[in-house]
Amino acid sequence: MTKKWNLMLVLLLALTVVLSACSGDNKKATAPETNKTKETVDTTTPVETPAEGEQSSGLIKATDASLNPELAKNRKDTLIVGMTDPKGVFSPLFMETAYDYYVNYSVFDSFLQVKADGSYVNSLAEKIDVSEDGLKYTYHLKPGVTYTDGSPMKASDYLFTMKLLLDKSYDGESDPLSYHIVGAKEYNEGKSSDISGIKVIDDNTVEVSLTEYSALSPVELGTVYILPESYYGKGYKQGDLSSVKEFNSKPLGSGQYKVTSYKAGQEIVLAANENYFKGTPVIKNVIFKTTTDSTNMAMLQSGETDMDNINVSEDNVDELKALGFLDINILPNNGYGYIGFNHKLKKFQDPKVRQALTYGLNREEIVKGIYGPYADVINIPESKVSWAFTDENIEKYDFDIEKAKALLDEAGWVVGADGLREKDGEKFKINFSATAGNPVVEALLPIMTANYKELGIEIVAETLDFNAITDKKTAGNFDMYFAAWGLTPDPNNTVYITKGAQNDVGYSNAKVDELMATGKKEMDTEKRKDIYKEMYQEMNKDIPVIFMYQRTNMTAVNARAQGFDISPYKDFPFSLHQVELQQ
Amino acid sequence: MKQYIIRRLLQMIPTLIGISIIIFAISAMVPGDYITARANPNMSIEKQEQLRSIYGLDKPDYQRYFIWAGNMVKGNFGDSMQHKQPVTTVINTYVWNSFIIGIFALFFSWFIAMITGIFSAKFQYSFFDKIVTLLVFICMSLPSFFIGLLLIKFFALDMKLFPVGGMITSGLNARGWEYFIDVLKHSFLPIMVLTMLSTGSLTRYFRTSMLEVIRQDYIRTARAKGLKERTVIFKHAFRNAMIPAITLLGFELPGLFGGAMILEQIFVWPGVGHIYLNSINMRDYPFMLGFTIFLAMLTLLGNLLADVLYGIADPRIRLK
């Protein structure tokens, strides 16, 4: 009997693993794009959607703060922020999820800090000198900054932090080798025990030399969160970060708040840093409490939390408005949804076919069906609040089935006897790889199938796990798929350049490559604007992928907490120290 | 007996090796790895390769298996990729929270199931039996997220008797007795739902087992001796009906530590269930494999425990 049982057990376990692997949902906690550079655009300007005539982004103020639940009102010196649980990686070196970022933003500081419009201001730095050739950065640290254990911050701590980031055993997601610091490679490979390109001039001055510069350099170098060597450096030896990792649960920085207790999966309790160099934070205690999608609204309602991110939908917005005591921020998400083609396949190589597939798809209907007024159909891969955004000479590709048919005819795809288009004996069939359990795909597929059928194209869909699709993309074994990209504040990326690290679709356009390279080397934002405008116009004609939508995110804040400065680029922790609770 | 236990423990070794090969093979066949699952739009190809080589993901599968299995034998489960902490630390952090609701739910569901099972059997086809059967089937068939949300609506939002979720009241800083009461309040709803879900099948099980025993000759003999009906049912019948249940009890062991994925999500209970689910989605191999092996070991131990208890409870069964 036992033998049989053992066998059954093995089978059962095996099955469990397989089944649970299949059932995984694909809500990825993508790291908030490490803040790179950027400029202007007022994000709080409400944008009207003509169709509904309703506010679909911006701030909706609370209507009646007196409706506040007793529980929240009685909490006089504590703010409770609801969020998905962080992984407990409270170290700017190793953090990966947005929620660990939030904790670290509250505990650590860097030379530069992001502003609401996506540009940067000096934070720890009093002054930054950049040499004329853009290869030498001198940071002057503000005097008198201390860590929360009372020890003074020194310029040498910057060098120390860089050493940790460049260590051979470093397995976090920052990529300091790509910053091109002189001597970085030698340190990484263990050939040198110092980074020759970072010179500590005195306690408050550090100088960084680069071998080559890019438009991203000032931000990459300036947003390194500075760790105290006196604390993190105790057991560190070059090539072994394990002693540093042990401090992941006990962070020590110079920031607005310090972590006083962490209960995994439950809460992180933060206490104000009275000696914070920008002034003592107004709220004494801040608690980051774990919430989930299914009950985060109920917790706001009962007063258990003061603030949370709620999924944007018409129902949710109405419900939050009805509660009356919440300020609702609806902000454009830093990302966009798209449908990718495999550019290695002959049928997708003709731009006319790609244009026809865009004209022939009713994107408006799909996007409104999922997000209502809270998402926009897009035509370039850029956030509408970015400085690089443009709608000058951008074709909108409004749904036009006749135009799509004409384009396909021009491209040589003619309707055959069975109603399907064909060219050189090949029928126009598209295998669509759909992500399992993705609401967008569920709304997209029926409309797409119907639209393309009218064009004479057959869609065959197969549903797969997110990682399985990623694998197919890497292997180039696909026709079309739906996915979403995150957007960095800076328009520079590798998604559409030839052989780019993220270019899974195999897209290649010499003009885009060239403009992207020029844009990366140009330091003047006004000139960059023109470069990217031209690039987006080219993409708009060439259709590397079918751009679908940019959706929004919603943060609801109890009206008793005032003073947050939130934007798509500036996460809430950056303004935490200036928030006050109204009694 | 000692010899039997030692032999069974030794037999576990090849079983565990088999299990480890199968789960490793499956994890290796599943598409993607931690780097693809992260889908970081800024990561360069060089950085991806660098990370893969640090994590050892660039090695062939069989090599990875031997490295992993070798470390496991030494008791080194490796570091969770998501948590950047040893797997054992992560398990230890979360598993006890799952255990709290698991053990209470186990206790209540067995207690309720025993009582209702006995009476349902004693008064078979009575009105009581029918009502119990109906209730039991309702509890069994409703999905946990539905009951969970429904109870939250009634008890937490409308009646304000219990908190919506979590394990402690944030900002209360309670200690000692106060802390205990606070956790109790928070755990009430999840324990209730978990109890509702598992009581159903247990009740049916006990009822059947009891019905079988009640028809035995020795029960008739006991009644013929003129024993009180209470003694007959609770002493003679019940004890015998409980023997097969020991096997079930053994199987509950991994369930106590395994966590309830959906339930924990709804009640924001900081258990190990959703950590495990996340590790599978994110292809966090060290945690996913380590925790699966941990559950496999518990299952094997539970199995052994059941067999040993069986021998103690029923002298007719000899363990050799």
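**Annotated domains and a buried lysine**

In chain B, residues 95–306 carry the UniProt annotation "domain: ABC transmembrane type-1", from an unreviewed entry; UniProt positions follow the numbering used here, feature names are shortened, and annotations may be inferred rather than shown by experiment. This is a predicted model, in which local features need pLDDT of at least 70, side-chain atom pairs count only at pLDDT 80 or more, and totals for chains, interfaces and linings use all residues. Residues are numbered from 1 along each chain as its sequence is written, chains are lettered from A and ligands numbered from 1 in the order in which they are written, and side-chain values use heavy atoms, with hydrogens and water left out.

The chain B span is 80% helix and 0% strand, and its end C-alpha atoms sit 22 Å apart. Helices (H or I, at least four residues) and strands (E, at least two) are DSSP runs, numbered from the N terminus. Over in chain A, UniProt puts "domain: Solute-binding protein family" (unreviewed entry) at residues 120–501. That span is 26% helix and 24% strand, with 27 Å between its end C-alpha atoms.

A:K347 lies in the loop that links strand 14 (335–341) to helix 11 (351–359) of chain A. At a relative accessible area of 9%, A:K347 is buried (under 20%; 1.4 Å probe, protein chains only). Its side chain comes to 2.6 Å from the backbone oxygen of A:K429. Leaving aside residues up to four places away in sequence, A:K347 touches residues including A:W413, A:F428 and A:D479 (heavy atoms within 4.5 Å).

The model scores ipTM 0.85 and pTM 0.84.

Definitions and conventions
Buried means under 20% relative accessible area, exposed over 50%, partly exposed in between (1.4 Å probe, protein chains only). A polar contact is a pair of N or O atoms within 3.5 Å; within protein, one must be able to donate a hydrogen and the other to accept it, and residues adjacent in sequence count only if both atoms are side-chain atoms.
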